[in-house]
Amino acid sequence: MRPYSVEIFSPDFRLKQHYNSGEISYKYDYLSMVENSISIKYDQNVTQGDYIWITRGDRRYFGIIKSITVGQQTNATSQLRYVPFESIFDRDIMFDTDLQGSGSLLEQVIADIIKAYWVTNEDKVQNVPGLKIETISATKDWGFHITSDVAGLHKAIISFSNSIIRRAMTKYQIGLYVEPDFEKKEITVKIGKKSTEKFCIEADLPNVFKKSIVLDEKTQDTNKLVIYDNKNLEDMITYYRHPDKSFDTVDKDRITPVVYDIVSVTVQQDQTFQQAAAQYAAKSFDRESFRNLIELTVLNDDHLANPASLIIGQEVSVISNGAEYASILTGRDVGDVTKLIFGTIRLDLTKILKGEKRNGK
């Protein structure tokens with residue numbers, strides 16, 4: 001078995017160290033960035049913030065060193081803990097809420113934010129050397145129902161990662177794909193839908209030797225929303241949720257059994273009650289697509305599932321027990337075998353809490 005090549009670079013692309021390593025386990029979850037670790041011979045030149053580039057064939061892992069733990073013995077090893085490069089975007093930004101529904105392309109909006117904060121920022125030290133941005137698709141009709149922090153100012157301080165990047169994936173299958181080129185001293189971030197091909201996986205075949213399928217069991221989600229005007233608590237509008245996930249005020253083809261909620265809204269100076277109610281309903285009914293968690297474990301070189309060739313954000317159809325489940329690839333766990341992780345819900349408590357935060361700002 002060929003060893004992995006492990007290279008350490010400074011943020012200005014200066015090669016610090018090169019190592020070879022045996023088998024490496026690597027976990028990646030687009031919806032909740034996780035740390036990975038690797039043990040190498042201690043080298044004092046390697047510091048936090050350096051880039052780590054691990055490669056072997058089609059396996060390529062690029063990250064930023066977050067912490068270093070040094071052993072106690074002479075010629076000790078050090079454990080490097082690193083996170084995916086895109087974790088640098090896990091920061092708050094000032095967002096123009098009017099961009100939603102304005103006709104601006106979502107991919108370009110994300111690109112402009114990255115450029116403003118990490119490429120052309122007035123604080124030159126904040127800019128990432130060699131960072132290039134490229135859009136690879138065009139999504140015009142989009143919105144996350146992000147509202148202004150102050151009425152009438154169309155501005156909100158939000159988490160760029162939670163409120164924009166991850167929701168762009170779960171709602172529109174738009175991802176950020178990082179491609180470093182150390183010879184050119186560039187890091188290209190491609191933004192958009194990288195694959196439009198839908199992949200089919202037969203989960204009951206012998207090549208899948210472990211599977212878990214968890215569907216969204218939230219049967220108590222509101223499907224009827226009664227909205228009153230705070231001004232008089234008499235004017236009222238009712239919205240209904242339909243099986244195709246749409247919603248409106250038409251009392252036909254509804255989700256049953258009825259699960260209703262009653263709320264009141266405050267109408268702003270520049271709004272009508274109808275507009276305020278529609279805004280509240282849109283935010284209340286807004287749900288991520290592919291609300292399931294499907295985990296399939298296969299061999300690394302499996303020729304049916306092709307785990308190495310699947311792209312984060314790629315739509316899949318998982319067939320099991322005669323049923324077909326639509327989902328997208330959102331993570332993978334690679335070691336002696338590969339666990340493919342599909343869907344937008346998580347069972348791990350930490351990730352659940354992050355997901356709840358993601359529904360807010």
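Trainee: Why does H154 count as partly exposed?

Mentor: In this predicted model, H154 has a relative accessibility of 31%. Buried means under 20% and exposed means over 50%, with partly exposed in between, so H154 counts as partly exposed at 31%.

Trainee: What makes the phi of H154 worth a remark?

Mentor: Most residues other than glycine have a negative phi. H154 is not a glycine, yet its phi is positive, about 45°. H154 sits in the loop between β9 (131-135) and β10 (155-159).

Trainee: Why is D253 called exposed?

Mentor: The relative accessible area of D253 is 59%. The cut-off for exposed is over 50%, so D253, at 59%, is exposed. D253 also has a positive phi, near 50°, and is a residue other than glycine. D253 lies in the loop between β17 and β18.

Trainee: Which peptide bond is cis, and how do you know?

Mentor: The bond joining T256 and P257 is cis, with omega about 0°. Most peptide bonds are trans. P257 is in the loop between β17 (247-248) and β18 (260-265).

Trainee: Why is α1 called roughly antiparallel to α2?

Mentor: The axes of α1 (residues 106-118) and α2 (residues 160-172) come within 12 Å and cross at roughly 155°. Angles over 145 degrees count as roughly antiparallel, which makes α1 roughly antiparallel to α2. The crossing is left-handed.

Trainee: What residues meet where α1 contacts α2, and of which class are they?

Mentor: From α1 come L106, I110, I113, I114 and W118; they meet F160, I164, A168 and Y172 of α2. By class, that contact has nine nonpolar, no polar and no charged residues.

Key. Residues are numbered from 1 along each chain as its sequence is written. This is a predicted model: local features need pLDDT of at least 70, side-chain atom pairs count only at pLDDT 80 or more; totals for chains, interfaces and linings use all residues. Side-chain values use heavy atoms; hydrogens and water are left out. Axes are lines fitted to C-alpha atoms, for helices over the stretch in contact, and angles run from 0 to 180 degrees between N-to-C directions. Helices (H or I, at least four residues) and strands (E, at least two) are DSSP runs, numbered from the N terminus. Angles under 35 degrees count as roughly parallel, over 145 as roughly antiparallel, 65 to 115 as roughly perpendicular and the rest as oblique. A crossing is left-handed if the near helix is turned anticlockwise from the far one by less than a right angle, and right-handed if clockwise. Contact means heavy atoms within 4.5 Å. Ala, Val, Leu, Ile, Met, Phe, Trp, Tyr, Cys and Pro count as nonpolar, Asp, Glu, Lys and Arg as charged, and the others, Gly among them, as polar. Buried means under 20% relative accessible area, exposed over 50%, partly exposed in between (1.4 Å probe, protein chains only).
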